[in-house]
Amino acid sequence: MASAIVLLLALFAGAAYAFGLPPFTKRGEIEAADSCPTLGDASRAAAALTGVVPDRSSYSFDDNLPDPRRDDTDSSYLSACFVYGDGQQLIVVEAEMTEYDRTADWVKEVVEQRASASSLTPFPAGDKAVASPRVAAVYLPCTSHGLRRHLSVVVHLKQPGDADGTALRTHLIVLAKNAAVFAHRKARCDKGAVG
């Protein structure tokens, strides 16, 4: 009788594994072709996303460009990418045209809404760039005439994977720089560069 129960449990476990049922759920793959175009270079974005998000059986993307800059007289730009795993929001990447008199004001009003000031450390990009294991953000020049507008690009990791803080920060920086390059080009910026 005991051997029949063990055999039955082994068959059940084997079937659960074969069909990817819990606890043997397989991790979904983040394919470059499926990621948001607003994240920039798709292969770099997919690799960075894989390094920061938690294991989920499937991932989906919602890419929005509700306010593209249409010409040189337009002083606005807005894009957002939402990444989901099994229906839960994991990461949000936003790019917006804005203007702050001081980069410290941008950090305080935009970035510190998502991460504590003590967790942020600088990295080289734009006029100002800071990151933590949950956020990476770049503030870079965009327009050289009229209103001197900048782009604010913020990557906010809402649910981190198992990587350590240093690895999370490194991958978030890649995502922020990638999204900043895309936004700088798409917003028709004529000043500055990501760096």
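Setting aside neighbours within four places in sequence, Arg149 is in contact (heavy atoms within 4.5 Å) with Ser75, Met97, Thr98, Glu99, Pro141, Cys142 and Thr143. That makes Arg149 a handy place to start our walk. Before going on, a word on what you are looking at: this is a predicted model, in which local features need pLDDT of at least 70 and side-chain atom pairs count only at pLDDT 80 or more, while totals for chains, interfaces and linings use all residues. Residues are numbered from 1 along each chain as its sequence is written, and side-chain values use heavy atoms, with hydrogens and water left out.

Back to our arginine. Arg149 sits in the loop between strand 6 and strand 7; helices (H or I, at least four residues) and strands (E, at least two) are DSSP runs, numbered from the N terminus. Does a charged side chain here count as buried or exposed? Arg149 is buried, yet it has no salt bridge. Buried means under 20% relative accessible area, exposed means over 50%, and partly exposed lies in between, with a 1.4 Å probe and protein chains only. A salt bridge is a side-chain nitrogen of Lys or Arg within 4 Å of a carboxyl oxygen of Asp or Glu. The nearest side chain of opposite charge, that of Glu99, is 5.7 Å from Arg149; for charge, Lys and Arg count as positive and Asp and Glu as negative, while His and the chain ends are not counted.

Two strands pair if DSSP finds at least two bridges between them. To find your place, look for Ile91 opposite Leu157 in strand 7, and for Tyr139, whose bridge partner in strand 7 is Ser152.

Now for the cysteines. How many disulfides does a search of the whole structure find? There are two, a disulfide being a pair of cysteine sulfur atoms within 2.5 Å. One of them joins Cys142, a contact of Arg149, to Cys189, with 2.0 Å from S to S. This pair links distant parts of the chain, 47 residues apart: Cys142 is in the loop between strand 6 (135-141) and strand 7 (150-157), and Cys189 is in the segment after helix 4 (165-186). Both Cys142 and Cys189 are buried, and their link is left-handed, with -90° about the S-S bond.

Another disulfide joins Cys36 to Cys81, at 2.1 Å from S to S. Cys36 counts as buried because its relative accessibility is 2%, and Cys81 does so at 0%. Cys36 also touches Phe61, Asp62, Asp63 and Phe82, not counting residues up to four places away in sequence.

Finally, step back to the whole chain. Four helices and seven strands follow the pattern α-α-β-β-β-α-β-β-β-β-α. Of the 195 residues, 42% are buried.
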